[in-house]
Amino acid sequence: MSEVAEAIRVKPFRGWVLYDGECHLCINLARRFERLLARHGFGTAPLQTPWVAQRLGHGPKQSLTEMRVLTADGRDWGGADGLVYLAGRIWWAAPLALVAHLPGMRALLWKIYRWVAERRHCLGGACQIQRPSGRRRATAWTPLIVLPLTALSLRSTLPAWAYMWTVAFAFYFGCKWLTWIDVLNCGARTNTWRALAYLLAWPGMDPRPFVTVTAHVQPAAAGQPRHPATTDWLRAASKLLLGIAVLAVMPRWFWPGHPLLAGWMVIVGIAIALHFGFFEMLALLWRRVGIAVEPIMDRPLYATSLRELWSTRWNRAFHELAYTYVFRPARRRLGTVGAFMLGFAISGIIHDLVISVPARGGYGLPTAYFLLQGAAILLERSRVGRRMGLGSGPRGRLFVAAVAALPVVALFHPPFVTRVMIPFAQAIGAL
């Protein structure tokens, strides 16, 4: 009963978190969160412990398919319900408990929990998981369908700016889950913490640098990642600080006389601080610990062609998604050009859902913007485009500025700027 003695020292004592003591993933998670749980009044113990078996009324090999939470007042929560219960007692995890009460979310959480539970002995690299098919394949896509639909249903209950971020994160986490599951299911083996690090602490959509791969999955980069230099850290930190400064200072210069310019300064400040500052520092951090991630943004102003801009320099994460899940599957049926334009069309539709729907205006402009990018790349690579020099040199840079930069006002159109970004700036105190 050493566990009981340990729990007595936790005050006020709220209960027990019980886990499978024969599962390496479960043991590692219990050890990692043991102190956090203790601070909130919960002790931890394996389900195989004799007093636990007696309390729950099971034998040594029974009822070990899910973690359990036993509260001091006699309540018993299992699996996903137990995680939701714990989340509601920890302030930074409380949003999970709120999300669980949305329509359909409890069932989705249980599907995710059961998927992980069934593979808990494999996630530490002890076995290989075969690529799923049928229902299992559909389950991998379920979050990408359910999360955005759930988020879009909240339009009348959230402020426009909160609704925009909710829809954006729904698409992001749905895509993130899909890429994570697919790599695990095609023969990749990985350390548990690397897998969770990719899922929760890296904005990119290529999990290969985080996994130890088999012959079915090729590594993303050969050799060891370059050790970040001091100048790399200084450059990333300067971008982060510049973005924060723009966000904190520039909108006030134009508000309230020029609301469009004030809103644009908010967009620019967020882009610099998040995409060029924070994400770059995060990439350096992962390289510092030996994971060869590629930066999400790679000096887009250096692009001499639209193809270079959208494939390697701007938002590399979405390019990886579009190539893997849209272009390659669609190429056989639609051909190269059709699959290529489909990728840009889907990108435009997603941006319309994230930008135009919360703004309640400007519908179709983001889609038109991305279709323009796709058509311009086809022109750039055509015989006429090559003769005009649109894909390289100074003419290429001018073409990028004319097609990608100038029409960006259609992507972030006035209804979005005034109805979403201005209220967001007011909410965070930037105006």
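Y323 and F327 sit four residues apart in helix α13 (residues 316–359), so about one helical turn separates them. Helices here are DSSP runs of H or I with at least four residues, strands are E runs of at least two, and both are numbered from the N terminus. The model is predicted: local features need pLDDT of at least 70, side-chain atom pairs count only at pLDDT 80 or more, and totals for chains, interfaces and linings use all residues. Residues are numbered from 1 along each chain as its sequence is written, and side-chain values use heavy atoms, without hydrogens and water.

A pair of aromatic rings is described by the distance of the centres and the angle of the planes. Rings of Phe, Tyr and Trp (its six-membered ring) pair if their centres lie within 6.5 Å; planes under 30 degrees apart are stacked, over 60 edge-to-face, and the rest tilted. The count comes to 21 aromatic pairs. W165 and F424 make a tilted one, with 5.7 Å between centres and 55 degrees between planes. This pair links distant parts of the chain: W165 is in helix α8 (residues 160–185) and F424 in helix α18 (residues 414–427), 259 residues apart.

Relative accessible area sets the exposure classes: buried is under 20%, exposed over 50%, and partly exposed in between (1.4 Å probe, protein chains only). W165, at 24%, is partly exposed. F424 is buried at 11%. Y323 is partly exposed at 39%, whereas F327 is buried at 14%. Ring pairs also join W161, W165, F169, Y172, F173 and F424 into a cluster.

Charges meet rings too. The test is NZ of Lys or CZ of Arg within 6 Å of the ring centre and within 35 degrees of the ring normal. K176 lies over the face of Y198, 3.8 Å from the ring centre. R299 lies over the face of Y302 at 5.2 Å.

Now the strands. Two strands pair if DSSP finds at least two bridges between them. Strand β1 (residues 15–19) runs antiparallel to β3, joined by four bridges. G15 has T71 as its bridge partner in β3. Three bridges pair β3 with strand β4 (residues 76–78), again antiparallel. There, R68 is partnered by G78. β3 and β4 form a hairpin with four residues between them, and G74 in the turn has a positive phi of about 95 degrees.

In a regular strand the side chains alternate between the two faces of the sheet. In β3 (residues 68–71), R68 and L70 point one way, V69 and T71 the other, and all are buried.
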